[in-house]
There are 2 protein chains.
Amino acid sequence: MYKASIATENFIKAIYKGEQGNSMDTKPGTIAKELGITNAAATDMARKLAMKKLIDYEKYKELKLTPDGTKVALDVLRKHRLWETFLHQVLGLTMHEIHREAELLEHLTSDFLAEKISDFLGNPETDPHGDPIPTDDGEIPETDHSITLSMGEPGNTYKISRLSGSDKEFFDFCHSNKLEIGTSLTVQKHYIKTRMIEIEIQHTKLLLNIDLTNTIYIKKAD
Amino acid sequence: MYKASIATENFIKAIYKGEQGNSMDTKPGTIAKELGITNAAATDMARKLAMKKLIDYEKYKELKLTPDGTKVALDVLRKHRLWETFLHQVLGLTMHEIHREAELLEHLTSDFLAEKISDFLGNPETDPHGDPIPTDDGEIPETDHSITLSMGEPGNTYKISRLSGSDKEFFDFCHSNKLEIGTSLTVQKHYIKTRMIEIEIQHTKLLLNIDLTNTIYIKKAD
DNA sequence: AATTAAATTTAAGTATGCTTAAAAATATAA
DNA sequence: TTATATTTTTAAGCATACTTAAATTTAATT
């Protein structure tokens with residue numbers, strides 16, 4: 001299997017995030033901002049990865065992962081989420097600590113070690129955020145049919161299924177507003193212009209920015 | 001604290017090994033062979049690390065770590081041995097597997113995570129090989145007064161205290177010849193010319209190469 | 001539609017960490 | 001001690017992964 005450099009892995013991860021996420025695209029500038037590099041560096045990298053057949057690249061267009069590129073993304077993502085689960089369950093690190101450490105460890109984790117960690121954890125399907133862990137053959141167990149909070153319909157009640165953010169602020173915010181996995185909420189109203197969503201959670205009304213709500217996943221309460 | 005690159009960390013580790021070991025010096029060629037790079041690359045790196053005050057470098061002389069360089073070496077060594085201990089005790093990896101994985105993980109392990117691992121393990125003083133784990137402030141707990149097997153005196157009986165090798169062959173050899181931590185042995189005779197040592201272990205005579213015996217540590221049986 | 005702004009690309013340059021090939025210094029052996 | 005071999009160093013070059021600055025293309029605004 002193709003072994004990518006750390007820089008390449010991070011670049012491909014960013015594209016993957018852009019392809020999946022609703023609050024981010026895969027234009028070079030967006031990727032550059034995500035990685036903290038210049039636009040020129042992103043274009044440069046795009047050309048190189050295109051030659052390696054990891055992405056499809058047409059000038060001035062969005063970057064798109066090839067099947068090979070997607071495989072790299074899912075491999076790193078699997079290691080990232082396995083480490084997050086492991087660091088949380090075994091070493092008791094907090095939600096934002098596990099992200100920070102997994103962000104490093106994922107790049108120097110052999111397939112062998114990833115399997116050992118997975119076995120030790122009982123081959124979990126999701127990480128502590130509720131995010132699905134890709135399998136070793138690159139499948140994503142999407143059994144929960146979660147949607148982002150921004151997709152929730154006014155009047156409907158949901159349970160929070162995933163909290164997908166990575167920074168301390170996000171988790172502090174969630175915690176102090178009782179936004180936890182399993183908690184029920186009712187979507188009140190969408191404000192298109194201001195890109196806000198109003199929800200009711202534990203008898204409290206909350207106005208959330210749409211960007212934030214794309215890292216909060218919900219599913220219909222059964 | 002100065003953050004070294006992976007290449008720099010490995011280079012400094014090799015020098016540290018040469019400074020400590022009895023079977024290896026710190027000449028550029030030796031370091032190059034250890035790392036699998038050319039002599040030219042080793043000289044090149046030596047000049048660069050000298051500019052960063054991590055090593056003392058005089059042309060055609062052996063490479064020597066500065067206090068700063070030694071700090072880098074001990075920091076990486078601490079992380080290496082903490083990972084080895086953790087992977088062995090928690091994930092049950094074999095002796096040569098833990099080395100291989102720790103060799104990677106050590107480079108992307110934050111000080112924060114190292115402390116968490118250490119705490120989890122009850123702040124152990126030695127790793128599964130019996131090698132001392134440097135403390136977070138760069139001290140090496142040398143409480144056991146071990147010596148290498150090559151230093152053992154004929155007629156004396158010792159207990160094996162450390163098995164410091166890294167490759168599978170070494171551990172397979174040790175295992176099949178009952179060379180385990182805690183096992184008693186009696187040094188029989190040194191053969192200077194052929195660089196061999198004869199020992200008796202569990203009523204069996206064994207002839208060992210001196211290079212091998214520098215990774216086997218012993219101490220006087222009490 | 002024309003102008004302006006923003007994003008993207010190209011070009012040139014830098015640091016790291018290697019390589020090969022040739023020159024210089026050191027070590028070994030006859 | 002002199003010739004030979006080995007090691008070390010220098011020199012030139014390459015790939016990766018960035019940078020800044022300028023040119024080009026696309027997008028937004030009037």
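In this model, 21 residues of chain B are in contact with 21 residues of chain A, where contact means heavy atoms within 4.5 Å. This is a predicted model, in which local features need pLDDT of at least 70 and side-chain atom pairs count only at pLDDT 80 or more, while totals for chains, interfaces and linings use all residues. Residues are numbered from 1 along each chain as its sequence is written, chains are lettered from A in the order in which they are written, and side-chain values use heavy atoms, with hydrogens and water left out.

**How the two chains meet**

- The area buried between chain B and chain A is about 1,800 Å², and carbon and sulfur atoms give 80% of that; buried area is the accessible area (1.4 Å probe) that two parts lose on being put together, summed over both.
- On the chain B side, Leu91(B), Leu108(B) and Phe112(B) lose the most area to chain A, together 32% of what that side buries.
- Helix H4 (67-89), helix H5 (95-105) and helix H6 (111-120) of chain B each supply at least two residues of the side that touches chain A; helices here are DSSP runs (H or I, at least four residues), numbered from the N terminus.
- By class, that side of chain B has 14 nonpolar, three polar and four charged residues. Ala, Val, Leu, Ile, Met, Phe, Trp, Tyr, Cys and Pro count as nonpolar, Asp, Glu, Lys and Arg as charged, and the others, Gly among them, as polar.
- Two residue pairs, both at pLDDT 80 or more, are in polar contact between chain B and chain A. A polar contact is a pair of N or O atoms within 3.5 Å; within protein, one must be able to donate a hydrogen and the other to accept it, and residues adjacent in sequence count only if both atoms are side-chain atoms.

**DNA strand D**

- Of the 22 residues around DNA strand D, Ser5(A), Thr38(A), Gly29(B), Tyr57(B) and Tyr60(B) come nearest; a residue is near a strand if one of its heavy atoms lies within 4 Å of it.
- A phosphate oxygen of DNA strand D is 2.2 Å from an N or O atom in the side chain of Ser5(A), and another contact puts a backbone N or O atom of Gly29(B) 2.8 Å from a phosphate oxygen.
- H3(A) gives the most to the surface near DNA strand D, with five residues.

**DNA strand C**

- A polar side-chain atom of Thr38(B) lies 2.7 Å from a phosphate oxygen of DNA strand C.
- For Lys48(B), a polar side-chain atom lies 3.1 Å from a base nitrogen of DNA strand C.
- H3(B) gives the most to the surface near DNA strand C, with five residues.
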